[in-house]
Amino acid sequence: MKRFMLCLLVFLLALTPSMAEDNMESLQVVGVSGDEFIWRFQADNGQIIYFTSREAEPFIQYQDINFDGIPDLTILTTRGASNFFYKLFVFSNNHYSPVRLMGYEGDAVNFQLHPKEKLLSTYANNGYAGALFESTLYQWDGTDLYPVRKATSEEYKEASLNNATYTLITHLDQLHVTFRDYRDGSFNGVKYHEIILSLEDVTAETFDEWMEILWQDL
């Protein structure tokens, strides 16, 4: 896990404000919604794009995210302690179209590109120094991303029903890690592996093993 978190830290540190300076002239705040700014951005093709962001200086980058050799658009909208949230846009027919992550409502978290496999992955750190997490592998279908695999690590819970009494016990010192495959097209996917272990037993090697299970046979 330490090795993965180190790579993630290097990636986050690389996103310095200076890298976004070239795009700041095309950005303008046009309103406020709750605790977010409403931004107006003029892309390189002249298209006007509106988006919300908590950032005073959103990071905007042109990069090929769907592996067709044409630069697309990514906008970093929220920087957290360990989770960075992005809005994604695919360029086609001289137009930037917003990307939908099917089965998930929200922006892409800590996304990474895997050109060899033609996949895009997300990783959300949900606590316990990354021991609680959700990592999803997506494949492209036009401008939409569909899940291929998902690994979820949560606190282990036990439920019981006794007459009219429902009891849910959460073990804060244990993890329940599940792996699901979505290639059959089902909404919930097929669970193909699960692990229950003590939080104290999680090591860098453990996390590497989980990633191998997530990627197996892909």
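Helices, here DSSP runs of H or I with at least four residues, are numbered from the N terminus, and the views below show a predicted model.

**View 1. Backbone at D217, in the segment after helix α3.** Residue D217 is found in the segment that follows α3 (204–215), and its phi is positive, at about 65°, although D217 is not a glycine. Most residues other than glycine have a negative phi. D217 has a relative accessible area of 71% and is exposed, because the cut-off for that class is over 50%.

**View 2. Backbone at N110, in the loop between β9 and β10.** N110, which has its place in the loop between β9 and β10, is not a glycine either, yet has a positive phi of about 45°. With a relative accessibility of 2%, N110 counts as buried, since that class takes in values under 20%.

**View 3. The aromatic pair of Y86 and F111.** The count for the model comes to 10 aromatic pairs. Y86 and F111 form an edge-to-face pair, with 4.9 Å from centre to centre and 90° between the planes. Because Y86 belongs to strand β6 (residues 84–92) and F111 to the loop between β9 (108–109) and β10 (112–114), the pair ties together parts that are 25 residues apart in sequence. Both Y86 and F111 are buried.

**View 4. An aromatic cluster of four residues, Y123, F133, F207 and W210.** The rings of Y123, F133, F207 and W210 belong to one aromatic cluster.

**View 5. A charge over a ring, at R149 and Y192.** R149 is placed over the face of Y192, at a distance of 4.7 Å from the ring centre.

Conventions. Residues numbered from 1 in each chain as written. Predicted model: local features only at pLDDT ≥ 70, side-chain atom pairs only at ≥ 80, totals over all residues. Heavy atoms only, no water. Phe/Tyr/Trp six-rings, centres within 6.5 Å; stacked < 30°, edge-to-face > 60°. Helix = DSSP H or I, 4+ residues; strand = E, 2+ residues; numbered from the N terminus. Buried < 20%, exposed > 50% of the residue type's maximum accessible area, 1.4 Å probe, protein only. Lys NZ or Arg CZ within 6 Å of the ring centre and 35° of its normal.
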